[in-house]
Structures are given as C-alpha cells and as structure tokens.
Amino acid sequence: MSGMASPGAPDTPVPQQWPAKVVDSHHRRAYALVGLSLLSALQVLDPTLNSLALPEVAAELRMDPSVRAFASSVGTLLLAAAMLGIGILGDLRGRRRVLLLGTLGMAVGGVLCAAAPVAGVYVLGRMVMGVSTAASFGMSLAILPTVFRPEELPRVFGAWLGVQSAISVFGTIGSGALQAALGWRVTCLIIPVLAVAFVAFGALAVPDSRAAHLRKFDAIGVLLAAVALICLMGGFTLAGELGWGHPVVLGGLLLAVVLLAGFALWEARIPEPGFPIRLFAVPAFTAACVVGIAFNFANGVIAMQLPTVLESVLGRSAFVVSLALTVMSVGMLFGTLAAGEAQKRLGLSARTIFTSGLLTIAFGILLLGLVRTTTGSWYFAVCAFVVGFGIMWAQNSESAVIMSAAPKEMVGSVGAVKPALGQFGMGLGLGVVVPIILGVLRSSGATGRESIIAGFAEVMLFIAGFIALCAIGVHLLMARQRNLQSFEAPPAED
C-alpha cells in the first residue's frame, strides 16, 4: 500500500498499517481518533442540511409531494440497506480504503445535489449520499475497536460522539445563516467541502486494517438484510402518511419480518456468515441493541413533533424552533462528554449507564406531557436538552458494548448493527407518533389548538412510560451478565 508503513503494533488490538506521516509518532492513535471523529460527523450533519434545504429545493425544482417525500427519505433508506454489505467489504478489502472512498462519495453526492437542474438529479445525489454515508460512518465506527482496547472504548466513543455533537451544534446554527444569505445550493456544498478536507486529514492519520482470514462475501445475507430494511423503513415512512392499516404499509412490514427471519436463519446456518448472528445470545449485546432502538425512537419523536408543535400549532417562529433543536444538540454534547468521564472516574457499569440514560430520556419526554398552549418556548428547549443529554449518555456505552462484542475479523459487519438500529428506532419514532396523535384527536373529536396540545401531551406521557419500561427491561437483562468486558458468544453447534 503506497505511502504506508507496517511495524509491529503492540499498542493496538489489531495490527495496523499506519500512514508514513504518523507511523513513528507517540500520538498516532490520538491523531487517528481525531480523523475518525471528523469523518463520522458528516453523517450527523447531513440530515440537518438536507432538512434545511429541502423546502427551497422542492419549490425551485417543482417537486410534487411524493417526490419531495422520496427525496427526504431515500438517503436514509439506502444508508441502512448498504451498511452490512459495505461493512463486509471493509473487513475484506481494507477499512481505511472504504472509509476514505465513501467520504469522497459523499462529496460527489453533495455536488450532484448542489448542481441539480431538475428534481431527478437531486434525488440521484441523495441516493449517492446515502450509500456513501454508510461507508464513511460505518467504517469510522468499525476502525475504532481495532485501534483502541475494550477498556478504552467508553472514553474513546465519548470523544468520537462529542465531536459529532459539536459539529451538529455549529452546523445547525451556521448552515441556517448561510442558506438565508446565499441559498440552498451553497448549503448542499457544505458536505463536499468538509468531506475533502476531512479525507485529506484522514489519509495522513487513519491506519488501515482488514480481516486476517478472508471469507466469502455473503451476497445472499446482504441482499436479505438490505431488502428487509428498505421494506421496514419504507413501511414506517408510509405509515405516517397512509396509516398503519393501509395494505401497502402492512404488506411492506410483513415482508420485512419474513426477510429478517430468513436472514437470521441463513446467517445461523452457513459456515461463513456475513454477520455473527449468535451475538444476540449475549445479554449485554442484546441490551445495547434495545437501548439503541429506544433512544433513537425518542430522537425521532422529538425531531418530528417538537417543530410541528412549536411552529404549526403554537405559532412560534422558525428561529425559535431552530434554537430549541440547537439546545437539544447542546444537551447531546454535554451527555456524551459526561458519560465518558463518569465511566472513567466513577467506574459506572454499562448497565447503570443504560438504565439511567433511558430514565433520563423518559423524564424529558414526561415533562413534554405537561405542556399547555401557554407553555413558554424555553420549557420546550429544557425538555429537548434533557432528552438530548439522555440520548448521548446512553449512546456512549451502547457504541462501546456493541463494538466490544465484535469479533476482530468482523468489526465492519457488526458495526452495521448500530446505524441499522438507529434507522429502525428513528423510523419507528417518525412513523408511530403521528398516527397515534391523530387517533387520539379523532376519538375525542378534538380540532382546536388546546385539544391538539392535549392530545400531544397524552401521547408524550405514553411514550415516556414505554421508554421507562425499556429501561427496566434492559436493567433486568443486564443482570444476567455481570462482567461487561466479556462478550464471547456461545460456540456454534456442530
């Protein structure tokens, strides 16, 4: 590999090929962490930029509602669908290579969107962005446990997630001002500019590794997982528009369940699976997956309902809505930094972090269940801060547990679990809440603003209770595995 050196690497769990610029540096792992954090942050920033630009894009390119909805969701759909296949490719062909190529692909997707003369080109750019983001984010996540030891991962993920949160805060504020001054095409160029800069740094600082023993590319498993996730996410998206009883929604979700079951059976039976399905027999791993779904569900609820309630129902300005979402991002930043330090200094277990994080989220959403039409905007911002803090407090350990469980040969494919869970939870939050609120309103015959807020509050109380039950379930499940540094799956049966 050109420009790389490969000395022994006793400071890393997996032998690495370090770039020549940092191979002799005592701080090479720190440089790698900075590079990986920056590269992964693009995945967090891109949805915000797309949401900000899309209303103006739809108006200028004359998108009808169905095309606009597709442009909004296609990147997310393809990100989830591509994760497993790209993770396997990284394990087999080189994780750094896939990481950097994927990030450059994000630059290409952003340029396509910025230059789009018609809606079809913009949608194509979003499709390229979705697949490329899977490579960029997935490989950033996968490389960390090959460079840092399991006991280091909680603090490492604290820094990794902290950079993402910080960029999200500044990106939310700065991109809005930039778009107001220069238009949506300039907003679409933010990711390409950052991607090129971050790739240049990553090429100098991030090492390469791959599986020591090559295995076959699990094409059938990848296809089953991809189609299942597309059906699942598509079903959640359409449920918010068509309702849960619509044949298209029910058919898509049923097909997703069948395909996921087929995927699990396939992975359990073949000699060289693309994903080690037996990890779900490990209590800590399963608990981390439940936590990931729960906090992303909460994130989806807040991302969808807070702007709707503040702007559409209570008549607050778009600026006030952006401030509330920015406060949530600040809460996320504090949460991830606090979690890393708490585990390091206080020795808190993943079980404690998981339980307390979910209960914090439940408390923040419970507070939203007390709102009225006279509630000040500051109150919504406080609730968003609490929920954001709880999300990142839990996510720090969730990332560490999932990636500590990964066999060193399969960190890429196991890393696909985290974003897949994230998209599942977010989709659940986006798809479930709107139909429930509408159902509450229909059953009560409510139409006025006060009645709508009352229906919203009722649903928030229900969701708070659901997440609290998840916290109890995770706490009980984790009781079966006291030693959270041991993640060995049961041996395969002959």
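Ile-143 is buried, because its relative accessibility is 0% (buried means under 20% relative accessible area, exposed over 50%, partly exposed in between, with a 1.4 Å probe and protein chains only). This is a predicted model, where local features need pLDDT of at least 70, side-chain atom pairs count only at pLDDT 80 or more, and totals for chains, interfaces and linings use all residues. Residues are numbered from 1 along each chain as its sequence is written, and side-chain values use heavy atoms, without hydrogens and water.

**Ile-143 and helix 4**
- Ile-143 sits in helix 4, residues 119-147 (helices are DSSP runs of H or I, at least four residues, numbered from the N terminus).
- Beyond neighbours within four places in sequence, Ile-143 contacts Leu-36, Arg-95, Arg-96, Leu-99, Val-206 and Pro-207 (contact means heavy atoms within 4.5 Å).
- Val-14 is 129 residues away along the chain, yet its C-alpha atom is 9.8 Å from that of Ile-143.
- Helix 4 is mostly covered, with 23 of its 29 residues buried.

**Cysteines**
- The whole structure has zero disulfides (a disulfide is a pair of cysteine sulfur atoms within 2.5 Å).
- Cys-289 is too far for a bond, because the closest cysteine sulfur, in Cys-470, is 13 Å from its own.
- Cys-289 counts as buried at 4% relative accessibility.
- For Cys-383, the closest cysteine sulfur is also in Cys-470, 20 Å away and too far for a bond.
- Cys-383 counts as buried at 0% relative accessibility.

**Confidence**
- The protein chain averages a pLDDT of 83, and 90% of the residues score at least 70 (pLDDT is the predictor's confidence in each residue, from 0 to 100).
- Residues 5-9 have pLDDT below 50; this stretch has 13 contacts in the model beyond near neighbours in sequence.

Conventions
Helices (H or I, at least four residues) and strands (E, at least two) are DSSP runs, numbered from the N terminus.
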